[in-house]
Amino acid sequence: MTILHLIIGLDGGGAEHMVLELANQCQNKGNKVIVVSLSNRDLILNKFNSKNIECHFLNVVSIKSLIKGLSKLKEIHSKSTDKFVFHCHMFHAFIVGFLYKVFFKNVPIVFTLHTNQVKQLYRKWILFLTKKFRSKDIIFSKNSKKWYLKNTIDIPNGVDLSKFKPIEKLDAERPFTFLFLGRLTEPKNPLFLIHIVNQLIENNHKDFIINVVGDGGLRKELETAIIKNELSNYIKLLGFQNNVSKFISEANCLIIPSLWEGMPVSIIEAGASKLPVISTPVGSIPDFLNDDNAYVTDLEKFHESMISVLTNYNEAIKKGEILFDLVKSKYDIEKVSDLHIKIYKSALN
């Protein structure tokens, strides 16, 4: 069979990296894999190229370009005589897959929303009304099931555990390093970093830094806020980085102050390196993080968890080790890809 992954763009987020790892695993297991981006965003195209994964860009930016994009998708599809299954990632990719299915060729569609929260009511109704056009909807945990999804199956995100090594020992001569890993967009709540840094300083904790690895629409606003609050010594904006595992291994704690989420790949990556995690209880996070393996806290008490990690790091390390055992048992990309392949085959029958 041929598995065609349809995604909004090849940016540096968790969903894109999940598609990368999933495509690589499926290809290694003897399936043909094609990745099609709706946009021309190609930030991590080099990673797909390094794994010899076929990629195409539809450059959809308007209704007119949508028609051209669908025609190009038909051209890509027609080049193979294999049985095709479309795996659409996120809402807009599904819309394109749905339009292709209706107006060009009836292909089975598997859909992953990659978030637990759809804010716009019209999107919920579109997903509800198009249920019959999807074979399966993949959710990250049982609590992710929604009325507008169809035939949901619980499959978590996964990572290649071989890419990650245990974090380095705490170095008393270096500032304690928190890591913020993700897009600088509203769901990830990056502007909250200003607030929590000020709270730590008010509580007489000054020997720390927060490395911010990622880029996005709120970067300029965050830069301005850092300068205005004179926090350049505490918050370091490192931008998008190809080698995330390096920053994880050099960090002392991952912080996720998100407003809403699906299932962050960054938590699984942290767990693969035994890195302690502090996170808000949003999306599917409470389904695999708890007080035994992490610090799960609301935004009001987020700084208290950070202080707890700073003052009792041995306890934080124990939580990281428990999280590692969980990640090793359930979130290895090889196991996760086998579950996806099973779904793809069932969709074709």
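Visitor: What volume does the largest pocket have, and which residues lie nearest its centre?
Guide: In this predicted model, the largest pocket has a volume of about 1200 Å³. Its lining is made up of 46 residues, and those nearest the centre are Met90, His114, Arg183, Thr185 and Lys188.

Visitor: Which helix gives the most to the lining of the largest pocket?
Guide: At least two lining residues come from each of α1 (14–28), α4 (91–103), α5 (121–129) and α9 (265–272). With four residues in the lining of the largest pocket, the helix that gives the most is α1.

Visitor: How many residues in the lining of the largest pocket are charged?
Guide: The lining of the largest pocket divides by residue class, with 18 nonpolar and 18 polar residues. The remaining class in that lining is the charged one, and its count is ten.

Visitor: What is the volume of the second largest pocket?
Guide: The second largest pocket is lined by 18 residues, with His17, Glu21, Lys47, Lys163 and Glu269 nearest its centre. The volume of this second largest pocket is about 280 Å³.

Visitor: Which helix gives the most to the lining of the second largest pocket?
Guide: Here α1, α2 (45–50), α8 (244–250) and α9 each supply at least two residues of the lining. Among the residues of that lining, six are nonpolar, six polar and six charged. The helix that gives the most to the lining of the second largest pocket, with four residues, is α1.

Key: Residues are numbered from 1 along each chain as its sequence is written. This is a predicted model: local features need pLDDT of at least 70, side-chain atom pairs count only at pLDDT 80 or more; totals for chains, interfaces and linings use all residues. Side-chain values use heavy atoms; hydrogens and water are left out. On a 1 Å grid over the protein atoms alone, a cavity is a set of points where a 1.4 Å probe fits but cannot get out, and a pocket is an open set with protein on both sides within 12 Å along at least five of seven lines; lining residues have an atom within 4 Å of a point. Grid points are joined across faces, edges and corners, and a volume is the space filled by probe spheres set on the points. Ala, Val, Leu, Ile, Met, Phe, Trp, Tyr, Cys and Pro count as nonpolar, Asp, Glu, Lys and Arg as charged, and the others, Gly among them, as polar.
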